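Open the model in your viewer and keep the selection tool at hand. Each stop below says what to select and what is there.

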Amino acid sequence: MITFDGVTKRYADGTVAVDNLSLEAASGTITVFVGPSGCGKTTSLRMINRMIDATQGRILLDGQDVKQIEPSTLRRGIGYVIQQAGLFPHRRIVDNIATVPYLLGWDRKKARARAMELLERVGLDAKLARRYPFQLSGGQQQRVGVARALAADPPVLLMDEPFSAVDPIVRMSLQEELLRLQSELHKTIVFVTHDIDEAVKLGDTVAVFRVGGHLAQFSDPATLLSEPADDFVREFLGRDRGIRRLSFIPAAGVELSPPPPELVLEDGKPVGWKSDDGLQPYGSFNPGTDSLRAALDASLLSANGIAVAVDGDGKVLGVLAREALDGAISGGPGAARG
Amino acid sequence: MNWLIDFFGNPDNWSGPDGIPVRLLQHVEFSVLAFLIAALIALPLGLWVGHTGRGAVLVVLSANAARALPTLGLLVLVVLLIGVGTIWPVLIPLVALAIPPILVNTYEGVRGVDRDLRDAAYGMGLRGRQVLFRALVPVALPLILLGLRLAAIQVVATATVAAYVGLGGLGRYIIDGLATKDYPSVFGGAVLVVLLALAVQFGFALLNRVVVSPGVRQVR
């Protein structure tokens with residue numbers, strides 16, 4: 001667990017980057033620091049591994065004040081991923097990943113074996129190991145950056161806008177990769193971003209910062225979307241808050257009806273809606289894994305507004321009429337508020 | 001062309017204390033000595049200033065000032081101060097000549113390394129000196145080598161001034177030749193200096209291939 005206890009960073013010229021910040025990033029979860037530029041989110045992150053030292057207050061890492069740990073020793077025990085990956089251009093990928101194991105004095109062979117294992121873990125081909133960073137795409141470099149941070153298996157990972165410099169499609173795949181990794185590794189991750197959608201997607205908990213280094217809100221994403229603390233947070237969350245909130249409500253509870261005869265099936269799988277003009281498109285969702293947002297999307301995609309519920313194999317479970325969907329949406333947690 | 005044949009074809013020019021092998025060796029000796037002293041002073045200083053950022057203004061100003069020093073003037077000054085008979089009158093001006101390119105390129109090379117790389121290196125837990133030698137120097141190496149190469153070539157070309165103070169080296173062919181209107185000797189001496197400079201150039205190109213990582217070489 002990482003604890004900020006009344007942490008303030010004030011620069012010599014009087015600028016306050018972080019103002020009396022207190023929060024707890026729980027072990028094994030992703031805590032996202034989000035906010036506009038100049039809100040102190042990166043400063044807060046960098047105070048954890050003492051790239052910047054706090055002026056006042058304490059930061060505790062599992063109860064120990066980070067100021068009592070010599071900075072480079074502290075940093076070797078914390079994974080660190082930055083925006084431009086910051087790979088060593090003169091070293092091959094495998095040696096880049098093994099940076100911290102080398103520093104910790106691991107045997108070269110063991111360090112390289114570990115690096116190869118991580119290369120695969122972050123979804124990269126083993127043959128990239130012998131390449132140099134300039135031979136990799138931005139997205140690949142960022143994956144290497146994550147692998148490097150994980151190399152010595154640190155319990156804590158700090159990620160400073162790691163996916164901001166890549167295009168949206170690559171960013172999405174990196175985000176999904178991170179969530180997949182986290183479901184296996186259960187690291188304590190602090191993730192900085194200026195992108196609220198990224199924050200809501202990745203965070204178990206989201207800390208919204210406002211300019212001047214104040215913490216505006218600290219809550220789980222669903223609560224953030226349904227109950228923004230004030231106008232600043234509401235505005236920062238932007239439009240579509242209501243629809244985005246549905247992503248956090250599982251569709252498992254919806255009331256399904258038996259499939260009507262108009263739904264054309266093949267081997268139990270939906271094909272389309274029967275009509276006088278031929279087959280019409282349908283939308284489907286899986287109540288077992290999807291959210292209400294997916295159910296609503298399926299309803300909007302269906303020619304007649306009826307969402308088709310399917311199981312993991314794509315077989316029809318039933319259908320969800322608009323009225324039932326409306327009921328589920330308005331009955332969802334926090335739906336009446338916000 | 002005839003001058004070349006006169007000079008290089010003359011067997012007298014290939015033996016004895018005035019022969020090409022001896023003169024060449026003397027020339028290389030002054031040059032290497034001056035180059036090494038300059039590198040020993042300028043490299044550590046350039047690395048330190050580039051890494052810490054301390055004294056940067058002083059380095060740039062004094063390097064520019066040193067560039068403006070006339071080598072020959074300095075040579076005469078040293079002779080006036082300590083007299084002839086030692087190697088110092090030629091070494092000191094050559095060292096002064098070689099320091100600025102090494103110092104400035106080393107400093108600029110280290111200072112110019114991408115901030116993110118520096119940040120990542122510290123963030124991984126490298127200590128100050130590890131950051132310098134494991135991250136900054138390998139990346140700055142092409143520029144550092146460039147500085148060393150420029151210095152070496154200037155030294156080799158300028159070491160001809162040793163002849164002014166009665167010391168040996170290839171400058172003797174040029175200066176003695178001018179005095180006696182022995183133009184084949186002047187021309188031959190000049191050609192030898194050029195060949196030596198080309199050899200230095202070639203040597204550094206080779207060194208560059210050996211010591212600079214392909215990952216850095218490609219980027220530049």
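Start with R149(B), which sits in helix α7 of chain B. This is a predicted model. Now show what surrounds the residue. Leaving aside neighbours within four places in sequence, R149(B) is in contact with Q201(B) and F204(B). R149(B) and R67(B) are 82 residues apart in sequence. In space their C-alpha atoms are 16 Å apart.

Stay in chain B and select residues 24–204. UniProt, in an unreviewed entry, lists this span as "domain: ABC transmembrane type-1". The span is 82% helix and 0% strand. Its end C-alpha atoms lie 19 Å apart.

**The cores**

Show the largest nonpolar core, which has 93 residues. Which residues have the most contacts inside it? They are I2(A), F4(A) and I48(A). The largest share of this core comes from helix α7 (residues 128–158) of chain B, with 15 residues. A second, separate core has 46 residues. Among them are L136(A), L174(A), V208(A) and L225(A).

Now pick I2(A) alone. Residues up to four places away in sequence are not counted here. I2(A) touches L23(A), E24(A), A25(A) and I48(A), among others. Its contacts also include I59(A), L60(A), L61(A), V156(A), T188(A) and V190(A).

**The sheet and its helix**

I2(A) leads on to a sheet. I2(A) stands opposite L61(A) in β4(A). Select strand β1 (residues 2–10) and strand β4 (residues 56–61) of chain A: they pair in the antiparallel sense over five bridges. Both belong to an open sheet of four strands in chain A, with the order β2-β1-β4-β5 and antiparallel pairing. Which strands stand at the edges? They are β2 (16–25) and β5 (64–65) of chain A. Each has a single partner strand, so one side of each is left without a neighbour in the sheet.

Colour the helix by burial. Seven of the eight residues of α1(A) are buried, so the helix is largely enclosed by the rest of the structure. The buried ones are K41(A), T43(A), S44(A), L45(A), R46(A), M47(A) and I48(A). Then step past the helix end to R50(A), which follows α1(A) and has a positive phi, near 60°.

**D95(A)**

Select D95(A), which lies in helix α3 (residues 93–97) of chain A. Is D95(A) buried or exposed? D95(A) is buried, with a relative accessible area of 10%, because the cut-off for buried is under 20%. Beyond residues up to four places away in sequence, D95(A) touches Y102(A), R108(A) and R112(A).

**Where the chains meet**

Colour the two chains apart and look at their contact. Here 23 residues of chain A are in contact with 22 residues of chain B. Chain A and chain B bury about 2000 Å² between them. Of that area, 64% is on carbon and sulfur atoms. Now select F88(A), H90(A) and F134(A). These supply 27% of the area that chain A buries against chain B, more than any other three residues.

**A hairpin**

Move to strand β11 (residues 263–266) and strand β12 (residues 269–273) of chain A. They pair in the antiparallel sense over four bridges. V264(A) stands opposite G272(A) in β12(A). The hairpin has two residues between the strands, and D267(A) takes a positive phi near 55°.

**Chain A as a whole**

Zoom out and select residues 2–237 of chain A. UniProt places "domain: ABC transporter" there, in an unreviewed entry. Over this span the chain is 38% helix and 25% strand, and the end C-alpha atoms are 25 Å apart.

The chain has 13 helices and 15 strands. Its C-alpha trace spans about 75 × 50 × 30 Å along its principal axes. Of its 338 residues, 50% count as buried. Among contacts in chain A with a separation of 6 or more, residues 24 or more positions apart account for 63%.

Definitions and conventions
Residues numbered from 1 in each chain as written. Chains lettered and ligands numbered in written order. Predicted model: local features only at pLDDT ≥ 70, side-chain atom pairs only at ≥ 80, totals over all residues. Heavy atoms only, no water. UniProt positions renumbered as here; feature names shortened; annotations may be inferred. Core = buried A, V, L, I, M, F, W, Y, C linked by side-chain atoms within 4.5 Å. Buried < 20%, exposed > 50% of the residue type's maximum accessible area, 1.4 Å probe, protein only. Contact = heavy atoms within 4.5 Å. Pairing = 2+ DSSP bridges. Buried area = accessible area lost by both parts, 1.4 Å probe.
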